[in-house]
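Visitor: I am new to this structure and would like to learn how to read it feature by feature. Could you show me the molecule and then take me through it?

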Amino acid sequence: MGAKFGESCFLWIVLGSIFAGATHDYLAAMLSLRHDGESLPELTGRYLGSAARQAMRAFSILLLVLVGAVFVAGSAALLARLTPEALNVYFWIAVIFVYYFLAALLPIDKIIGKVYPLFAGALLFMALGILVMFYVKRPVLPELWDGLRNVHPAAAGLPIFPILFVSVACGAISGFHATQSPMMCRCMKSERQGRPNFTGR
């Protein structure tokens, strides 16, 4: 995304994460925590009535299906490129769906708690790799004082607004996170854990 949108993306992720994402995630999570880990539709129904609860249930299902489809398709395509041809996109889609199924049914410590440290290690490895390559290749990096321009070669087809704010939603604010808050709330022992868990600070 930085290659597409340059400085605009940097500002959106940093400022958006602080003033939008952290606020949004903390509010949704603490509401859930104070109501015994209720989901977003249940919280909506508690304060706005049963019609709003049903509407939020439908919206949440649609949101989760769309987010799941994007994550599955993107991850499967990437894995297919990195593995032998026999392991095509459909193979990886099946593997990811099996993982989703197990992660949804089993307690968190049985699968997610064991797999996530591997993901964290991979992210740290990638961040270190990018840092090293910045020093090795020394690419020309855009600066904030150059103006908030789109630096991607296909800039005409990728306008900053609205594509930046849609494609980098998770970097700053994402309604999807509010559907996951109850799962985390059920693992917490005290409201004091809310700030470090949901604001990232």
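Visitor: What percentage of the contacts between residues at least 6 apart in sequence join residues at least 24 apart?

Guide: A contact here means heavy atoms within 4.5 Å. Among contacts in the protein between residues at least 6 apart in sequence, the share joining residues at least 24 apart is 62%. Please keep in mind that this is a predicted model, in which local features need pLDDT of at least 70 and side-chain atom pairs count only at pLDDT 80 or more, while totals for chains, interfaces and linings use all residues. Residues are numbered from 1 along each chain as its sequence is written, and side-chain values use heavy atoms, with hydrogens and water left out.

Visitor: How many helices and strands does the protein have?

Guide: Helices (H or I, at least four residues) and strands (E, at least two) are DSSP runs, numbered from the N terminus. By that reading the protein has 9 helices and 0 strands, and the pattern along the sequence is α-α-α-α-α-α-α-α-α. The C-alpha trace spans about 55 × 45 × 35 Å along its principal axes.

Visitor: What share of the residues is buried?

Guide: Buried means under 20% relative accessible area, exposed means over 50%, and partly exposed lies in between (1.4 Å probe, protein chains only). Of the 201 residues of the protein, 24% count as buried. Accessible areas come from the Shrake-Rupley method with a 1.4 Å probe, and for residues only the protein chains shown count as cover. The accessible surface comes to about 13,800 Å², and 71% of that belongs to carbon and sulfur atoms.

Visitor: Which residues of H2 are buried?

Guide: An α-helix has 3.6 residues a turn, so residues three or four places apart point the same way. In H2, the buried residues are Pro 41, Leu 43, Thr 44 and Gly 45. Thr 44, which lies in this helix of residues 40-48, has a relative accessible area of 13%. Leaving aside neighbours within four places in sequence, Thr 44 is in contact with Gly 49, Ala 52, Arg 53 and Met 56. Gly 49 itself follows H2 and has a positive phi, near 100°.

Visitor: Which residues other than glycine have a positive phi?

Guide: Asp 36 sits in the loop between H1 and H2 and counts as exposed at 75% relative accessibility. Another case is Arg 138, whose phi is positive at about 50°. Arg 138 is placed in the loop between H5 and helix H6 (160-167) and is exposed, with a relative accessible area of 63%.

Visitor: How many salt bridges are there, and what do they join?

Guide: Side chains of opposite charge can pair when their charged atoms come close. A salt bridge is a side-chain nitrogen of Lys or Arg within 4 Å of a carboxyl oxygen of Asp or Glu, and by this rule the count comes to 4 salt bridges. One of them pairs Arg 34 with Glu 191, the closest N and O atoms being 3.0 Å apart. Arg 34 lies in the loop between helix H1 (2-33) and H2, and Glu 191 in the loop between helix H8 (175-185) and helix H9 (194-198), so this pair ties together parts that are 157 residues apart in sequence. Arg 34 is exposed at 58% relative accessibility, whereas Glu 191 is partly exposed at 38%.

Visitor: Which salt bridge does Arg 57 form?

Guide: The side chains of Arg 57 and Glu 42 meet in a salt bridge of 2.5 Å, N to O. This pair links distant parts of the chain, with Arg 57 in helix H3 (residues 50-82) and Glu 42 in helix H2, 15 residues apart. Salt bridges that share partners join Glu 42, Arg 53 and Arg 57 into one network. A further salt bridge joins Arg 46 to Glu 38, the closest N and O atoms being 2.6 Å apart, and Arg 46 is partly exposed, with a relative accessible area of 44%.
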